[in-house]
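Please walk me through this structure in my viewer, one selection at a time. I would like to know what to click on next and what I will find there.

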Amino acid sequence: MSSTLSLLPPLLAGLAVTLKITAGAAIVALVLSFAAGLARLSPRMWISFSALVYIDIFRGTSALVQLFWAYFALPLFGVRLDAMTVGILVLGLNIGAYGAEVTRGAIQSIPKGQWEAATALNFTASQAMRRIIMPQALVAMLPPFGNLLIELLKSTALVSLITLSELTFQGQVLRSATMRSAEILALTLILYFITAQLLVLFVRIAERRLTHNLDQGGIQ
Amino acid sequence: MIFDWRFALQILPELMRALLVTVQATLAGFAIALVLGMAWALLRRSKSVTFSRTVFWFVEFIRSTPLLVQVYFMFFALPEYGLKLSPLATGVAALGLHYSAYLSEVFRAGIEAVPRGQWEAARALNMSRYRTWTRVILPQAIPPVTPVLGNYLIAMFKDTPMLAAITVMELLQSAKLIGAQTFRYMEPLTLVGLLFLLVSLMSSFIIRRLENKFNTV
């Protein structure tokens, strides 16, 4: 048992890197979700079309292929990024493409009457979006965003294949050093599981906060 | 560096062969996921609370841990217990197990969407439990969720490159190999991306049509 515990420090060091990548990519993904989601709803064809191209490319290909392409093929164009930057950017772009569909769907799910009421009250379009539509759409976005956050955490395991020493990578290093595969990999899985459960908890608290503020607004 | 079209054309047949492996692995994995997913969904309905809780947490565990680590676990840890499979079989089993966790939720939603009256009617007609499931409940539970199942099939297809990590000769692995032999990564990796894009976009087009079909019914 004590020897199993001695495996923990290097794995926890890897977990710290995993969390750093998750946090970085989550910020990139969040920004892109809103940018591309709103762009999809733009009346200007070229804006909504470029958002569609971004979304389809990143949702239509494999995250691992995207990572490999950015890490091995992109330098041949003269763009050389370190593994950490590639990991954060590519995973952020990937999850952001899924998030954009969530944002778009949530905004579209708000009844048209809300827009009309805002117009009737002399709100400008941006005021209506910020004060009326967005607060309601955010409530609908949170649960799917929570799911995407877990997907993101899981997909950080892929960056071990472009040499980033996060949790999975550390597990593999330990494994080849000690050959205690079952123990190490089980421990790795458990660490991911605990992290995921904590993230779920965190999202649920955020959800409660957000819906609480809306209670007086008369929505459900 | 300029994209060399002649070289790209030259390696295309090899990549197409790898695409075939990828598709086969996806379909085999999906078959496993369907069977296991349905099993989890039914087992979760067990009357024993402890049992159904255990199934719930097992499924939750599989769903919230990375597929790549699960693939490693099956490839490196299971042989320690005497279960040794080929890389491809391991990969297919891992894909199937991982996606069964997602599919069980889909099946559960489908089953719960069948109105209560259907159960009551089946009982009133003196149907056995087995007959109720196979003739009344499942035929109504599954068709509405097929588009969702299709989306998971595409998601699984996009996860097959992970099998490259355990040396399965799928698309990414074969692109890596070509890259290592010729020192040209640009063309194979770009082609792999394009092939994925092509297959995914075509399949999601088909699924969207399926969706429309079920919406109109």
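Start by selecting Arg116(B). In this predicted model, is Arg116(B) buried or exposed? Its relative accessible area is 66%, and the cut-off for exposed is over 50%, so Arg116(B) counts as exposed.

Arg116(B) and Glu120(B) form a salt bridge, and their closest N and O atoms are 3.4 Å apart. Both residues belong to helix H5 of chain B (residues 116-124); because they are four residues apart there, about one helical turn separates them. Glu120(B) has a relative accessible area of 46%, so Glu120(B) is partly exposed.

**Next stop: a network in chain B**

Select Arg44(B), Glu105(B), Arg108(B) and Glu112(B) together. Salt bridges with shared partners link these four residues into one network. Zoom in on one of the pairs, Arg108(B) and Glu112(B): the closest N and O atoms of this salt bridge are 3.4 Å apart. Color helix H4 of chain B (residues 87-112) and you will find both residues in it, four residues apart, or about one turn of the helix. Arg108(B) has a relative accessibility of 24%, so Arg108(B) counts as partly exposed.

**A helix to inspect**

Select residues 146-159 of chain B, which make up helix H7. How many residues does this helix have? There are 14, and the helix reaches 20 Å from its first C-alpha to its last, close to the 20 Å expected at 1.5 Å a residue. Then show the side chains of its buried residues, among them Leu149(B), Ile154(B), Met156(B) and Phe157(B). Lys158(B) and Asp159(B) are on the buried list too.

**Zoom out to each chain**

Of the 220 residues in chain A, 47% are buried. Among chain A contacts between residues at least 6 apart in sequence, 76% join residues at least 24 apart.

While you are in chain A, select Arg180(A) and Glu183(A). Their side chains meet in a salt bridge, at 3.0 Å from N to O. Arg180(A) is partly exposed, with 26% relative accessibility, and Glu183(A) is partly exposed at 28%.

**Last stop: where the chains meet**

Show both chains and look at the interface. Contacts join 38 residues of chain A with 35 residues of chain B. Together the two chains bury about 3,200 Å², 75% of it on carbon and sulfur atoms. On the chain A side, select Leu76(A), Lys154(A) and Leu189(A): they lose the most area to chain B, together 18% of what that side buries.

How many salt bridges cross this interface? The rule finds zero, but eleven residue pairs are in polar contact across the interface. The helices that each give two or more residues to the chain A side include H3 (45-60), H7 (125-155) and H9 (181-214). Finish by selecting H9(A), which gives the most to that side, with eleven residues. Colored by class, the chain A side shows 23 nonpolar, nine polar and six charged residues.

Conventions: Residues numbered from 1 in each chain as written. Chains lettered and ligands numbered in written order. Predicted model: local features only at pLDDT ≥ 70, side-chain atom pairs only at ≥ 80, totals over all residues. Heavy atoms only, no water. Expected span 1.5 Å × (residues − 1). Buried < 20%, exposed > 50% of the residue type's maximum accessible area, 1.4 Å probe, protein only. Contact = heavy atoms within 4.5 Å. Buried area = accessible area lost by both parts, 1.4 Å probe. Polar contact = N/O pair within 3.5 Å; in protein donor to acceptor, adjacent residues only side chain to side chain. Nonpolar A, V, L, I, M, F, W, Y, C, P; charged D, E, K, R; others polar.
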